[in-house]
Amino acid sequence: MGILRLAHVDVRTPDLDLSAAYYTEVMGLQQVQRTDDCVYLKCWDEEDHHSLRMRYNPRTGMDSFTFRVEEEDDLHELEKKVEAYGCPTSRVSRGEAVGQGESLRFEVPSGQIMELVWDIEKTGNMLGKTNPSPVPPPDLPGIAPPRMDHMLVNAEEVAESAAFFIDVLGMRMTEQVLDGNGHQLGVWLAGNTRSPHDIAIVNGPNGALHHWAYWLDDWDHIRKAADTLAFNGVQIDQGPTRHGVTRGNTIYFFDPLGIRNEVFTGGYWVDPDTEILTWTEDNFGKGLFYYENVISQRFLRMHT
Ligand code: M3P
Ligand code: FE
């Protein structure tokens, strides 16, 4: 019951052609649909219609992010809970959005627009369902991650925002960073997946998107991703390295319009009874980047 996983991120770009070229050629996503002002993209192992929508707009930014709920009834249950918390909700009806049916929209306490959906158009992955190949075609361009993994949004009041995702939406906290007074500077939250986070919230301006991340299957793919990025002249933000928080291996970089992307692997499994891990502010450097032990100002202050 409740929140299952991240479904798609919807962002704006002032140069749709440049963005589409980067996400297909360098990131190595599949373009699944193009309309006058939107491009829809997905990874080779994703079953849903798309995981990224890019919409033309003079200003780069995030329109919304969408999570899938496990059961159809969850939408109704969560609508009541979100309303009871004091966030007005609206329904986006079938036919208003490409690749999905009815959804629920609201603004989370930190100002981003969130959407919940159950009815998603399942167009299937690249491998098929009969005698599927375990790997995609070897000639896919770019990094070609199998799937989107998680995202990170900023919040001025991390604790308030975290409480909304935990108490109202029913997500589980796996890790947190506390300042010297015990206030949350960052939280990592899981839906009904076994990964340490489907979304994280870190202190920063309300409404901001920090990054979204694609999954890669192992550390060697992170190294290859770094080669692909460097070869294509993409600006790398940090890494390849390892997070202390989540234990994941990572590299951060910027798309051509300055949106931060991450590729991520590793981490650990979480079950509903896994205990929360806590980082103290004096160890935040290691929590962020375990080898470097740095709190990069670019990393903390640059957002979309
Ligand atoms: C991750 C992650 C920040 C921490 C980021 C951590 C922005 O992206 O995947 O665990 O402080
Ligand atoms: Fe991340």
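I took helices, of at least four residues, and strands, of at least two, as DSSP runs numbered from the N terminus. On that basis I counted six helices and 17 strands in the protein. The model I examined is a predicted one.

**Entry 1. Overall form**

I looked up the radius of gyration and found 18 Å, close to the 19 Å that the globule rule gives for 304 residues; the protein is therefore as compact as a globular protein of that length. Along the principal axes, the C-alpha atoms fill a box of roughly 50 × 45 × 45 Å. I noted that 42% of the 304 residues count as buried. I then turned to contacts between residues at least 6 apart in sequence, and found that 65% of them join residues at least 24 apart.

**Entry 2. The two domains**

I recorded a division into domain 1 (3–117) and domain 2 (147–301). Their centres, taken over C-alpha atoms, are separated by 20 Å. To the contact between them, domain 1 contributes 31 residues and domain 2 contributes 34 residues. On the side of domain 1 that touches domain 2, I listed the elements giving two or more residues: strand E1 (3–13), helix H1 (16–26), strand E5 (61–69) and helix H2 (72–85). Of these, E1 gives the most, with seven residues. By class, I found this side of domain 1 to hold 18 nonpolar, seven polar and six charged residues.

**Entry 3. Helix H1**

Which residues of H1 are buried? I found Ser-19, Tyr-22, Tyr-23 and Val-26. Viewed down the axis of H1, the buried residues fall within an arc of 110°, so they line one face of the helix. I set beside this the general rule that an α-helix has 3.6 residues a turn, so residues three or four places apart point the same way. I next asked what the buried residues of H1 pack against. Their partners are E1, strand E3 (38–42), strand E4 (52–56) and helix H4 (219–231). Just after H1, I noted that Gly-28 takes a positive phi of about 80°.

**Entry 4. Ligand 1**

I looked up the 13 residues around ligand 1 and found that Leu-152, Val-202, His-243, Val-245 and Thr-246 come nearest. Strand E12 (199–203), strand E13 (209–215) and strand E16 (260–266) are the elements that give two or more residues to this shell. Sorted by class, the shell around ligand 1 has seven nonpolar, five polar and one charged residues.

Conventions
Residues are numbered from 1 along each chain as its sequence is written. Chains are lettered from A and ligands numbered from 1 in the order in which they are written. This is a predicted model: local features need pLDDT of at least 70, side-chain atom pairs count only at pLDDT 80 or more; totals for chains, interfaces and linings use all residues. A residue is near a molecule or strand if its C-beta atom, placed from the backbone, lies within 6 Å of it. Ala, Val, Leu, Ile, Met, Phe, Trp, Tyr, Cys and Pro count as nonpolar, Asp, Glu, Lys and Arg as charged, and the others, Gly among them, as polar. Domain bounds come from an automatic or database domain assignment. Two residues are in contact if their C-beta atoms, placed from the backbone, lie within 7 Å. The radius of gyration is taken over C-alpha atoms; the globule rule is 2.2 Å times the number of residues to the power 0.38. A residue is buried if 20 or more other C-beta atoms lie within 10 Å of its own, exposed if 12 or fewer, and partly exposed in between; C-beta atoms are placed from the backbone. The arc is that of the directions from the helix axis to the C-beta atoms.
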